[in-house]
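This briefing covers a handful of local features, grouped by topic. Please look over the sequence and the structure before reading on.

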Amino acid sequence: PPTPPAHFAAPARGQMLSRVLLNWPRTGGKLDLNRAPFRLVAIVNRIDLADNPSYGGGSQSAGEGRFVFGVYDMSTATPCDMLPFSIIFEYGVRANGCSGLKNWAQQWVALSSHALGTPAYNNALEAITQQFVSANAAPSKPNGSALNQLRTNENGLNILWELREFRINASTHRLFEDTTAQTIDETLNGSTRLRNYVNSNEIDILNDAHDVPDLFPTATGGTAPFKSTHSLANNPPTTLPSQLSTIFAASGITNNLARHHFSLNTCTGCHIRETSTRFLHIDPTTTPITLSRFMTGATSSISDTPDPFNVTDPVVSSTTHAFNDIDRRRQKLAAIAGSSCFRFILVPPRLRDLKFRIPLDGPLPEIDPIGPIADDFFDPVRMPH
């Protein structure tokens, strides 16, 4: 991955040493990974990212498998308190075409045949996760690791919330800090650069198919840094209340729905104002963990009748956006697990003509039945973030 633009470099989080690293147990001078100050709080199936370009989507992608950890406060004598600090390991999952994707979905669905927490359930879940976390799970990627990126989301080291993203460097074999996916630098909020990007990519943004670039063309024919190296919602003034009202917007954006989709797909937009969330969708400080209303819908239950969580658009107050992301993901998983890899043959001729722009009596083009070109037929519920 490209080195982040130098003048968007993220300053150090000053308490990382005192609250996490200095008291991390060591063996032979090295950090003891068997006694890492982390607690696993969630295992997440993101098969819904299979067709998203920012997460390696494509015909061979099955989305991501994620491990979410909370971080213990190591600055206390008895480090039992959890910091408001999440570390998320996000692994790419590969599928062998439609049948491979369907098989992957069915493995997750089959977990429901076991009682939660029983040995049978745990064994089945481990069999799933070992496919992407094991050593050399992705031989063609750096270190043979299937890790796409590692993210941190915290205000345990500073009162202001911040997200960062790290990847493995193929040369040094170590993690390096990269740009944050789909998120421009906060200093560009309200800029003509943001306006031009949203207006010129409106269709892709509305379909959540855009991929925010590291650099964006300038009026003089050059390029300028665009993507952020740390997602810190500190558009002036730099205060916590200001963070909690952060959105991405700019004068002259012609379609507010496109603005909403762009802002929603950024780290800060999704974790704050666009979803009416206080930055943690999975809160590691509680036992059991609590989920945001963006995730669960209007109530905290994830097994009740789908109940959308309605959020007023921060720019157009007459518009609301409904969220229940776990239910959205559940629908996506069920659709893939129960799909037929030959269903594109059944597309009505009129819809086929509208989609592929070919004569009604012409041959069907060669397409990937799970790829982006087929989305409108087979996946009516798209990924918002």
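**Loop features**

Pro 288 sits in the loop that runs between strand E11 (282-283) and strand E12 (290-291). The model is predicted.

Cis peptide bond
- Thr 287 and Pro 288 are joined by a cis peptide bond, with omega at about -5°.

- His 173 is not a glycine, yet its phi is positive, at about 65°.
- The loop between E7 and strand E8 (175-178) holds His 173.
- His 173 has a relative accessible area of 47%, so it is partly exposed.
- Asp 208, also not a glycine, has a positive phi of about 55°.
- Asp 208 is placed in the loop between helix H5 (202-206) and strand E9 (215-217).
- Asp 208 counts as buried because its relative accessibility is 6%, under the 20% cut-off.

Surroundings of Asn 155
- Asn 155 belongs to the loop between strand E6 (147-154) and strand E7 (162-168).
- With a relative accessibility of 18%, Asn 155 counts as buried.
- Neighbours within four places in sequence aside, Asn 155 is in contact with Arg 13, Pro 84, Leu 160 and Trp 161.
- Arg 13 is 142 residues away from Asn 155 along the chain, and 9.7 Å separates their C-alpha atoms.
- The Asn 155 side chain reaches the backbone oxygen of Ile 159 at 3.3 Å.

Terms used:
Residues are numbered from 1 along each chain as its sequence is written. This is a predicted model: local features need pLDDT of at least 70, side-chain atom pairs count only at pLDDT 80 or more; totals for chains, interfaces and linings use all residues. Side-chain values use heavy atoms; hydrogens and water are left out. Helices (H or I, at least four residues) and strands (E, at least two) are DSSP runs, numbered from the N terminus. Buried means under 20% relative accessible area, exposed over 50%, partly exposed in between (1.4 Å probe, protein chains only). Contact means heavy atoms within 4.5 Å. A polar contact is a pair of N or O atoms within 3.5 Å; within protein, one must be able to donate a hydrogen and the other to accept it, and residues adjacent in sequence count only if both atoms are side-chain atoms.
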